[in-house]
Amino acid sequence: MPQLVPCLDVRDPAYDGVVVVTDCTIKLTGNLQPLGTVLDKFAQIFAPTGPLNRDYDDVRRFADAAVLGIKRALDAGCKKPLLVRPVDVDASFTNAEMVTLLGSLQALYVPLEIREACEDRRQKAQVLGVWSDNEDRVKQCVTLAAALEKGRYGVTMKTVLNNV
């Protein structure tokens, strides 16, 4: 499992790519405004959710977009992607941030057989940065997601709490 790192700055040089999961680029305001233009030092991937205003749209659109965005980042050679999920003004999907992160981790999952057989294929990414404009919210989201993913990787809860 890649290390999950909270991040408050989209220009952090620790990451080699940025995956933006949203329905439209109009939401890239404030701290995210630089993502509206191309950043030279990052592989920048826009993972659109598609429209979110239809009666059958739900939070799974964010997970699906995150999976495709992270896969695209891995194909581009990113080993330290930064996941960006802009905060919605209308807050229609209250769990979108967590679902987006879990979708990203799903794309980064490596089955046990491969982890044991091939040392060089043990993990797809070294680090997954998780951006938010709120430090407390991103730390809480990362802690919960790490605990859920550790269960998939077969690690004890004591190890989870010691590493987060």
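Helix packing and a strand residue

Analyst: Val 20 lies in strand β2. The coordinates come from a predicted model.

User: Is Val 20 buried or exposed, and what is its relative accessible area?

Analyst: Residues under 20% relative accessible area count as buried. Val 20 falls in that class, so it is buried, and its relative accessible area is 2%.

User: Which residues does Val 20 touch, leaving out those up to four places away in sequence?

Analyst: A contact here needs heavy atoms within 4.5 Å. With residues up to four places away in sequence not counted, Val 20 touches Leu 28, Leu 35, Ile 45, Phe 46, Ala 47, Val 84 and Pro 86.

User: How far apart in space are Val 20 and Arg 85, C-alpha to C-alpha?

Analyst: In sequence, Val 20 and Arg 85 are separated by 65 residues. In space, their C-alpha to C-alpha distance is 6.0 Å.

User: What pattern of helices and strands does the chain follow?

Analyst: The chain has five helices and five strands. Read along the sequence, their order is β-β-β-α-β-α-α-β-α-α.

User: How do the residues of the contact of α1 with α2 divide into nonpolar, polar and charged?

Analyst: The α1 side consists of Phe 62, Ala 63, Ala 66, Val 67, Ile 70, Lys 71 and Leu 74, and these meet Ala 96, Val 99, Thr 100, Gly 103, Ser 104, Gln 106, Ala 107 and Leu 108 in α2. The residues of this contact divide into 10 nonpolar, four polar and one charged.

User: At what angle do α2 and α4 pack, and what is the handedness of their crossing?

Analyst: The axes of α2 and α4 are 10 Å apart, and the angle is about 40°. The crossing in which α2 passes α4 is right-handed.

User: How many charged residues are in the contact of α2 with α4?

Analyst: From α2, the contact includes Glu 97, and from α4 it includes Arg 137, Glu 149 and Arg 152. The contact residues divide into 11 nonpolar and one polar, with the number of charged ones being four.

User: How many residues of α2 are buried, and what covers them?

Analyst: Of the 13 residues of α2, 10 are buried, so the helix is largely enclosed by the rest of the structure. Among them are Glu 97, Met 98, Leu 101 and Leu 105. The cover includes β1 (3-7), β2 (17-22), α1, β4 (81-84), β5 (127-131) and α4 (135-153).

User: What is the distance between the end C-alpha atoms of α1?

Analyst: At 1.5 Å a residue, the 16 residues of α1 should span 22 Å. The computed value agrees with this, and the end C-alpha atoms are apart by 23 Å.

User: Which glycine follows α1, and what is its phi?

Analyst: The residue in question is Gly 77, which follows α1. Its phi is positive, near 95°.

How values were computed. Residues are numbered from 1 along each chain as its sequence is written. This is a predicted model: local features need pLDDT of at least 70, side-chain atom pairs count only at pLDDT 80 or more; totals for chains, interfaces and linings use all residues. Side-chain values use heavy atoms; hydrogens and water are left out. Helices (H or I, at least four residues) and strands (E, at least two) are DSSP runs, numbered from the N terminus. Ala, Val, Leu, Ile, Met, Phe, Trp, Tyr, Cys and Pro count as nonpolar, Asp, Glu, Lys and Arg as charged, and the others, Gly among them, as polar. Buried means under 20% relative accessible area, exposed over 50%, partly exposed in between (1.4 Å probe, protein chains only). Axes are lines fitted to C-alpha atoms, for helices over the stretch in contact, and angles run from 0 to 180 degrees between N-to-C directions. A crossing is left-handed if the near helix is turned anticlockwise from the far one by less than a right angle, and right-handed if clockwise. The expected span of a helix is 1.5 Å times one less than its number of residues.
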